[in-house]
Amino acid sequence: MSVVPLDQLWVYLSGHPLLSLLVTLLAFVAAVRLNRALGGTPLAHPVTLAIALLIAFLVLVDIEYATYFEGAQFIHFLLGPATVALAIPLYDHRERIRRLLWPLLLACVVGIVTAVGSTLGLALLMGAQRETLLTLAPRSVTSPIAMGIAEQIGGIPSLAAGLVLLTGSIGCVLGPGLFRLLGIRDPAVQGFTLGLAAHGFGTAHAFARIGAVAGAFSGLAMGLTGLLTAFLLPLIVRLFGLP
Amino acid sequence: MPLIMGMSVLLACQFAGELLARGLEVPIPGPVLGMVILLVGLGIRGKVPASLRMTGEGLLNHLTLLFVPAGVGLMVHARLIGLDLLPIAVTLVGSTALTLAVTGWVLERLQRRQRPGGES
């Protein structure tokens, strides 16, 4: 029996989807552990940590993103069915939603217009590139939807996903302080606000830190915002005279 | 079997959503339309089948993991981000704070008006 040289083995492995899949899962597990060790601070969210770990790894061993994605796409693909599955929490809370329908819808539209308007306004003011601008626009929507929208209006989907993640972690850091400042104590309002501004991150945060009611309203806000933004954003972007 | 049943329902809804988006040339991502289709379907059915709930909630519980592969894509855009670092940072923090404040304030006000007297 002869042993294959290590470098030859590496060439085989580094191009194989198996490696990226395994590394992605391991990085996520490590990130969750690390976050827990740091006291669960939203400043070092597991997802942000996992992404940082993976980028460091890929740069270190010199694997291209395209090669990595060939394996990781199996995880990525599940975002589609996961988006469809958002209908389940929406359906579960239909009674509450029906009762609060108009306040929720109005708050949602105001929130979306604020999010997109202030994003485009601030980015224009700061002199961002056109491509960056269009990629930033859907940043307060949950990733799978944001990526679809970015693609549609001429932004960069993968960059949009990254910016969405950053937005989520920023929202979780800023949220509690702002609620205290504005005297917002109702968990339903807190949850809805977090879900609207910080999508999946906000929802996870609301479930873990505020409670079940906040989590449910946060999930609702995330779904509703995604849906309404998909309709509204192309219109708002046109209003700013972009494409 | 339940896992397969649940996944089939989710994928079928996504598939129908994609077809609808392409066919009608509406600027909405296929999975979003799939979500609406599923919501309508659940309304007609009147309950969430156990298999669908298991699969769907399983996916939603691990939603954060699913973002990771796309997020790693940030490395490809290091140049564009470097070029626009300050605008991106200021926009993300400023706009997120503003969105949180405005949404929370509006919903709090509207909700209070629905419950006369409000909570004090």
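This is a predicted model: local features need pLDDT of at least 70, side-chain atom pairs count only at pLDDT 80 or more; totals for chains, interfaces and linings use all residues.
Student: Why is A:Asp62 called exposed?

Tutor: Count its neighbours! A:Asp62 has 8 C-beta neighbours inside 10 Å, so it counts as exposed.

Student: Where does A:Asp62 sit, and what is its phi?

Tutor: A:Asp62 is in the loop between helix 3 and helix 4 of chain A. Its phi is near 60 degrees, which is a positive value in a residue other than glycine.

Student: How do you know that helix 4 of chain A has a kink?

Tutor: Compare the axis fitted to the seven residues ending at a residue with the axis fitted to the seven starting there. In helix 4 (residues 65-77) of chain A, the kink is about 55 degrees, centred on A:Gly71.

Student: Which residues of that helix are buried, and what do they pack against?

Tutor: The buried residues of helix 4 of chain A are A:Tyr65, A:Tyr68, A:Gly71, A:Ala72, A:Ile75 and A:His76. They pack against helix 2, helix 3 and helix 5 of chain A, together with helix 4 of chain B.

Student: What makes a set of residues a nonpolar core, and how many residues has the largest?

Tutor: The members have to be buried residues from a nonpolar list, joined through C-beta atoms within 7 Å. The largest such core has 110 residues, and A:Ala50, A:Ala87, A:Phe192 and B:Val68 have the most contacts inside it. Helix 11 (residues 157-182) of chain A gives the largest share, 12 residues.

Student: What does A:Phe192 touch?

Tutor: Leaving out residues up to four places away in sequence, its partners include A:Leu104, A:Phe217 and B:Leu107.

Student: And how many residues of chain A are in contact with chain B?

Tutor: 87 residues of chain A are in contact with 64 residues of chain B. Helix 11 of chain A supplies the largest share of the chain A side, 15 residues. That side divides into 59 nonpolar, 25 polar and three charged residues.

Conventions:
Residues are numbered from 1 along each chain as its sequence is written. Chains are lettered from A and ligands numbered from 1 in the order in which they are written. A residue is buried if 20 or more other C-beta atoms lie within 10 Å of its own, exposed if 12 or fewer, and partly exposed in between; C-beta atoms are placed from the backbone. Helices (H or I, at least four residues) and strands (E, at least two) are DSSP runs, numbered from the N terminus. Two residues are in contact if their C-beta atoms, placed from the backbone, lie within 7 Å. Ala, Val, Leu, Ile, Met, Phe, Trp, Tyr, Cys and Pro count as nonpolar, Asp, Glu, Lys and Arg as charged, and the others, Gly among them, as polar.
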